[in-house]
2 protein chains.
Amino acid sequence: MSTDPKRSAPAPADTTDTSTRAEGDSPPSIRDVARRANVSVATVSRAFAEPGLVRHETLQRVLAIADELRYRPSRAARSLTTGKTGNIGVVVPDLGNPFFPAILKGAQARAREADYAVFLADSEENPRLEIELVRAMAKQVDGVVLCSSRLKEPQLQQLRRDTTLVLLNRRVRGASGVLLDSAGGMRQAVEHLVAIGHRRIAFLSGPAQSWSNRERRRGLRAGSRGRQLETLEFGPFAPTFEAGQHAADLTVAADVTAVIAYNDLMALGVLSRLADRGIQVPGEMSVVGFDNIPMAGMATPHLTTVALPLELSGRVAIELLVEQLAHPGSGTHEQMLDAQLIVRASTAPPRNDLRSGLRPVNAEPSEPTTAA
Amino acid sequence: MSTDPKRSAPAPADTTDTSTRAEGDSPPSIRDVARRANVSVATVSRAFAEPGLVRHETLQRVLAIADELRYRPSRAARSLTTGKTGNIGVVVPDLGNPFFPAILKGAQARAREADYAVFLADSEENPRLEIELVRAMAKQVDGVVLCSSRLKEPQLQQLRRDTTLVLLNRRVRGASGVLLDSAGGMRQAVEHLVAIGHRRIAFLSGPAQSWSNRERRRGLRAGSRGRQLETLEFGPFAPTFEAGQHAADLTVAADVTAVIAYNDLMALGVLSRLADRGIQVPGEMSVVGFDNIPMAGMATPHLTTVALPLELSGRVAIELLVEQLAHPGSGTHEQMLDAQLIVRASTAPPRNDLRSGLRPVNAEPSEPTTAA
DNA sequence: ACATTTTCTGCAAGCGGTTTCATCTTCCTC
DNA sequence: GAGGAAGATGAAACCGCTTGCAGAAAATGT
């Protein structure tokens, strides 16, 4: 029952006894455990790293002592010899944007499952800082996940020299990446609006250099092609609530019946501004967002939006990275995750008394409503 | 212009030349730099750690070579001898709760300023996991910031043996902490409601074991004491949007004219549910939230809420930790950050035709409205 | 019982830095 | 110009752990 059966000798008051250093000291090292267990440090090391290599009986003893001493191998020391740190870095442009915590959550969870710890850094949308952060991390991580990088391609290629990179929401030659199918989501949104009768819609463009913005615009064009639909583009805007409020007025003036915003934050801004002006949503204006951040479902009216598998994307990014670290030889992979339109209360057929004079007719020319 | 001027010799195909190892190899170590600069490793080490100790001329040379080789000292190796890792851990209960990314943002920024890197972990509201995460981190960090810990006091005391702890939103003997003055904020909220005529209000209680919930209840009692005010308490609830929706119905049934929710998420849930039921806010019911998360100002109607200096609290937590690491002797500090009520559109005087029959009269008995 | 494998375990050499101590220069000072 | 202080550098011993290699122990075959 006592902590240490060996210590049955009477009153070992002297704590300066070198052979059995008391635990009040600095945290126990592998040597402390080895000494107490009467084995070499090598055996202790193996007990933790490769338990199969040590005799069962010995293993038990070592583990017991280690536990008693509250010993935990130092990852720093381990990484020194193995070259692996067991850490993964994640860099996001702005933690204030709900988009990223969601990704982070998935990444964090998956990393822990794979027994990796995660370093977090917020680049504050600043490319220079982003580079600096990755380079600073490089020495302490096995690889980093770069979310929605604001960097130019050559800069990213540079960074690849410092560490293994996995990109999220960005495609770059030679690096693995997970992509969210924004274009597909946009196509769904457009189809939805066309289906319920909209003929003139606006898109609020996000940051110009953003990959996902380009993708969304591409999806917009693809979705409207061949359809009886007029699309207007505004922006580029910062992807913020405030920008959405600002943009709302522009869309009203432009006489459209529906708006698709670059992201939910902006869509929420649009909603807010329209509410302030007394303009009915979806009665007078339909609004579609992007990302399906938690608050999208909480807004009034509940926001129709394109759901991106955010948390999943974080998980997949880590998976790609871990896989690549395990098999450095194998090439890079790219994974596309599907978006999905979530229809809620902020979209509805436009009123008939549109100022634009268009009647909500079926757009599909191939569909023979009347007989041939 | 070429990468390495020294390599002007024709076709150096043989890369096995030991003296001038090409950079295609593993990352350069301190020894590589020392060799190229014709100094000992000690000098290189000093050049980075204690530049004042090396002659200016030598310093320049070493730094130049280091730069050319893209050398960066390994923190892992350094920490091995110094005992300091230069890392700080941050543990949050749930990244999905917007409360925490905000704190994280401040913490991250301040940590970087102090040249610390941050480890992030999400405990998923799970105490056991929380303990495990802290203990796992302990070896790689100099200290950890524990946000809104879900642990009991003795467990926290246990963890203090593993690493330096700073608590956010929690008070514990022997550990530094930063507290958000929830009680004060609550008092402001109550005063506000009383001032505009409410006489019967509900509080939606959060997680039972949460320190901030206890504080908020305390503030509620303190704020209502001596006032002509009836307070009802519901819960405890999970601090979620859905719980707020649920609670909304209860408050309506309880015939109160105003609700104060444990946090914004719940308040938003209340708003949403009331809107769904066609109950006017603030006409028929006033709603107050807590935290002032970004979406509070985006809701319809804009939510009156108690703003907590979230990002600041993250910064302060790191500051406390860094300070304590710098002066291990000095005792622990506790810092209280003020809350501030932000009055927006979700609160207004109650209607006169209240079912409860109370007239919105001035509550201050000392104020002589009519002549003495 | 003895030779051979097969398992375990220990020795010792690093991994990439830091730091103490000693050595060698310089630069003053008298 | 000798003695000494101050400044700059290097040699080497770690820090806590992993791992190749070799010897010891246990298991196996004959």
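**Surface, sheet, copies and salt bridges**

The accessible surface of chain A is about 17200 Å², and 50% of that belongs to carbon and sulfur atoms. Areas here come from the Shrake-Rupley method with a 1.4 Å probe, and for residues only the protein chains shown count as cover.

Before going on, the conventions. This is a predicted model, with local features needing pLDDT of at least 70 and side-chain atom pairs counted only at pLDDT 80 or more, while totals for chains, interfaces and linings use all residues. Residues are numbered from 1 along each chain as its sequence is written, chains are lettered from A and ligands numbered from 1 in the order in which they are written, and side-chain values use heavy atoms, with hydrogens and water left out.

Of the 372 residues in chain A, 51% count as buried. Buried means under 20% relative accessible area, exposed means over 50%, and partly exposed is in between, with a 1.4 Å probe and protein chains only. Chain A has 12 helices and 12 strands; these are DSSP runs numbered from the N terminus, H or I over at least four residues for helices and E over at least two for strands. Taking contacts (heavy atoms within 4.5 Å) between residues at least 6 apart in the sequence of chain A, 70% join residues at least 24 apart.

Now the sheet, in chain B. Six strands make an open, mixed sheet in the order β7-β6-β8-β9-β10-β12. Two strands pair if DSSP finds at least two bridges between them. Which strands stand at the edges? They are β7 (230-234) and β12 (340-342) of chain B, each with a single partner strand, so one side of each has no neighbour in the sheet. From one strand to the next, the twist averages 20°. β6(B), residues 200-204, runs parallel to β7(B) and pairs with it over 5 bridges; in that pairing R200(B) is opposite E230(B). Helix α10 of chain B, residues 241-253, packs on the sheet and touches β6, β7 and β8 of chain B, its direction making about 160° with that of β6(B). Axes are lines fitted to C-alpha atoms, for helices over the stretch in contact, and angles run from 0 to 180 degrees between N-to-C directions.

Next, the copies. Chain B superposes on chain A by a rotation of 180° with 0.1 Å of shift along the axis, at an RMSD of 0.1 Å. The two are therefore related as by a two-fold rotation axis. Both copies use the same surface, with 100% of the contact residues of chain B recurring in chain A. The superposition is least squares on C-alpha atoms of residues with pLDDT of at least 70 in both.

Last, salt bridges: a side-chain nitrogen of Lys or Arg within 4 Å of a carboxyl oxygen of Asp or Glu. In one of them, R36(A) meets E68(A) at 3.1 Å, N to O. R36(A) is in helix α1 and E68(A) in helix α3 of chain A, so the pair ties together parts 32 residues apart in sequence. R36(A) is buried at 18%, while E68(A) is partly exposed at 35%.

In chain B, E334(B) bridges to R171(B), with the closest N and O atoms 2.7 Å apart. E334(B) lies in strand β11 and R171(B) in the loop between β4 and β5 of chain B, so this pair ties together parts 163 residues apart in sequence.
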